[in-house]
Amino acid sequence: MGGGARDRLAQAGASIGMSPSLMKALFHLDADTPMRMGDLAEHLGWDASYVTNIADVLEARGFAERRPHPTDRRVKTLALSPAGVAAKQQLFDVLHEPPPALDVLTPAEQRELRDLLRKVAEAVERGQAQ
């Protein structure tokens with residue numbers, strides 16, 4: 001089972017020809033709310049010049065577009081293009097596909113597992129579990 005999550009991330013990235021860094025940036029971007037490139041760098045813990053390179057690649061592939069900041073013309077923002085929105089959805093679809101190991105469970109057991117995991121996630125969100 002080791003490396004399963006890493007394998008799924010690699011599979012998702014390979015499905016659209018994306019490196020882990022490009023996927024990470026794509027996951028943090030939105031079409032409707034452009035993000036300042038400096039904020040993206042800070043959020044991801046990356047150097048601003050690295051974010052510029054990532055933005056260049058995303059833009060060249062048609063997944064993102066640079067936009068001027070609405071109140072500060074010195075600042076550039078980055079937003080997903082329609083192709084970027086589709087790519088992000090495709091990545092999520094691959095990542096949300098249940099792993100084949102769950103096939104050993106009956107449909108009823110899979111539903112029970114889903115419900116139990118949801119209960120744990122909700123407890124974590126409420127701060128009742130750590």
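Tutor: Begin with F92, which counts as partly exposed at 28% relative accessibility. Buried means under 20% relative accessible area, exposed over 50%, and partly exposed in between (1.4 Å probe, protein chains only). The model is predicted: local features need pLDDT of at least 70, side-chain atom pairs count only at pLDDT 80 or more, and totals for chains, interfaces and linings use all residues. Residues are numbered from 1 along each chain as its sequence is written, and side-chain values use heavy atoms, with hydrogens and water left out.

Student: How many residues apart in sequence are the parts that F27 and F92 tie together?

Tutor: F27 lies in helix α2 and F92 in helix α5 (residues 82-96). Helices are DSSP runs (H or I, at least four residues), numbered from the N terminus. The pair therefore links parts whose separation in sequence is 65 residues.

Student: Is W46 buried or exposed?

Tutor: W46 and Y50 form an aromatic pair, 5.1 Å centre to centre with 85° between the planes. Rings of Phe, Tyr and Trp (its six-membered ring) pair if their centres lie within 6.5 Å; planes under 30 degrees apart count as stacked, over 60 as edge-to-face and the rest as tilted. Y50 is partly exposed, with a relative accessible area of 33%. At 17% relative accessibility, W46 counts as buried.

Student: Which residues of α4 make the contact with α2?

Tutor: Contact means heavy atoms within 4.5 Å. From α2 come S21, L22, A25 and L26. Their partners in α4 are Y50, I54, V57 and L58.

Conventions. Helix = DSSP H or I, 4+ residues; strand = E, 2+ residues; numbered from the N terminus.
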